[in-house]
Amino acid sequence: MPSFVEFETLVQIVPLTFELSALILGLLFGSFLNVCISRLPDHRSINSPRSHCPNCKQTIRWYDNIPILSWILLRAHCRQCKTPIPWRYPLVELAIGLWFLVLSVPIYRLCTSNWMTVDFGPPLGVWRAEQATTLIGLLILGFLLIGLLVMDWQTYTLPDAFTLTGAAIGFFLVCAQAIFLGPGQDEIKLNPRHSLRMSSPGSFVAKGNVFLTGPEHLVFGRLAAIVGVALLLLAIRAIYKAVRHRDGLGLGDVKLLAMIAAFLGFWPAILALFVGVILTAAYGLTLMVRRQATATTRLPLGTFISIGGLVAALFGAPLIAWYSSLL
């Protein structure tokens, strides 16, 4: 039988192993993301050909394609032609690795909470499935936003393969989450005066009132959030074009914000937009002060909205709650 010290050591080692595994997995996904960043803006396949040097076209061997480590061992140069390998490659890999590492903490707690003492049947099993769906969504959202951040910065493009596909994935996960709502969340009150409650299809009080079940409220609410933020940006785009007689906002930015709303909801998407606009304005003013830009210079708004999306994903709930408390 293991001693207390041995058990305590095991308790400390297991989380570290889990987090290290998450970091390594994130680095691997970051390597794949680099392929997407390099090819999707040019509408090239991410499946073929195999990874190769863009200068000498030599296929990269597996031992030269290890995330971060190969970049360091090769001293940031191609083995064959000695062309410099940009900093973007290890930075993207590290960013995804850290994103997976950060989210591995709540994932580990979810996987191990009450592991030895509680049966995972309803309602705990349902609650855990709902939380797991949310965390999976955050992992995917971070992957997409970091990729879009870099692509818009380098090429001023936000590929539909990420934005529209991401919006579809986010909405699908919401639909899946609606299946696993916890106790009490599957019924909703829309008219407190008449105590309207809906616990099963066809079972309701106060006939004539409008009601939605919890899953319907979640799914339709998220759909309304997607449409709402898209219409908001489209209206801003139309007004700007009517006043300035030129496009000031790309449709890619509209799709990007709709994707964020699909994963996070309406107000977190608005927070992402707010952070993105503030950062874009600060960046533009900095360039103007340095005489590197004018009032008509194109800026990568999608990059800064993506940063805002990452902020909203990690800190959106407390920030929105804090702001609401001021009203």
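**Entry 1: α5 against α7.** I started with this pair and found that α5 and α7 are roughly parallel to each other, because their axes cross at roughly 20° and anything under 35 degrees counts as such. This is a predicted model, so I keep that in mind for every entry. The two axes come within 8 Å, and the crossing of α5 past α7 is left-handed. For the contact, I listed D160, F162, T163, L164, G166, A167, I169, G170, F171, L173 and V174 on the α5 side. On the α7 side I have G252, K255, L256, M259, A262 and F263.

**Entry 2: T133.** I then picked T133, which sits in helix α4, residues 124-155. Is T133 buried or exposed? Its relative accessible area is 11%, so T133 is buried, the cut-off being under 20%. Leaving out residues up to four places away in sequence, T133 touches L173, A176, Q177 and F180.

**Entry 3: α8 against α9.** I moved on to the next pair, helix α8 (residues 266-289) and helix α9 (residues 301-326). Their axes come within 7 Å and cross at roughly 135°, which makes α8 oblique to α9. The contact is made by W267, P268, L271, A272, L273, V275, G276, L279, T280 and Y283 of α8. From α9 come L301, F304, I305, I307, G308, G309, A312, G316, L319 and I320. I noted the handedness too: this crossing of α8 and α9 is right-handed.

**Entry 4: α8 by itself.** The 24 residues of α8 should span 34 Å at 1.5 Å a residue, and the end C-alpha atoms are 35 Å apart, which agrees. After α8 comes R291, and I noted its positive phi, near 60°.

**Entry 5: G221.** I looked up G221 and found it in helix α6, residues 214-244. G221 has a relative accessible area of 38%, so I logged it as partly exposed. How far apart are G221 and G265 in space? They are 44 residues apart in sequence, and their C-alpha atoms are 8.1 Å apart.

**Entry 6: the record.** I checked the unreviewed UniProt entry, where "transmembrane region" is annotated for residues 20-40, 89-109, 129-150, 162-182, 219-236, 256-283 and 303-323. I compared two of these spans with the model. Residues 89-109 are 100% helix and 0% strand, with end C-alpha atoms 31 Å apart. Residues 256-283 are 96% helix and 0% strand, with end C-alpha atoms 20 Å apart.

**Entry 7: the whole chain.** To finish, I counted nine helices and two strands, in the order α-α-α-α-α-β-β-α-α-α-α from the N terminus. Buried residues make up 36% of the 327 residues. Among contacts with a separation of 6 or more, 66% join residues 24 or more positions apart.

Definitions and conventions:
Residues are numbered from 1 along each chain as its sequence is written. This is a predicted model: local features need pLDDT of at least 70, side-chain atom pairs count only at pLDDT 80 or more; totals for chains, interfaces and linings use all residues. Side-chain values use heavy atoms; hydrogens and water are left out. UniProt positions are given in the numbering used here, feature names are shortened, and annotations may be inferred rather than shown by experiment. Helices (H or I, at least four residues) and strands (E, at least two) are DSSP runs, numbered from the N terminus. The expected span of a helix is 1.5 Å times one less than its number of residues. Axes are lines fitted to C-alpha atoms, for helices over the stretch in contact, and angles run from 0 to 180 degrees between N-to-C directions. Angles under 35 degrees count as roughly parallel, over 145 as roughly antiparallel, 65 to 115 as roughly perpendicular and the rest as oblique. A crossing is left-handed if the near helix is turned anticlockwise from the far one by less than a right angle, and right-handed if clockwise. Contact means heavy atoms within 4.5 Å. Buried means under 20% relative accessible area, exposed over 50%, partly exposed in between (1.4 Å probe, protein chains only).
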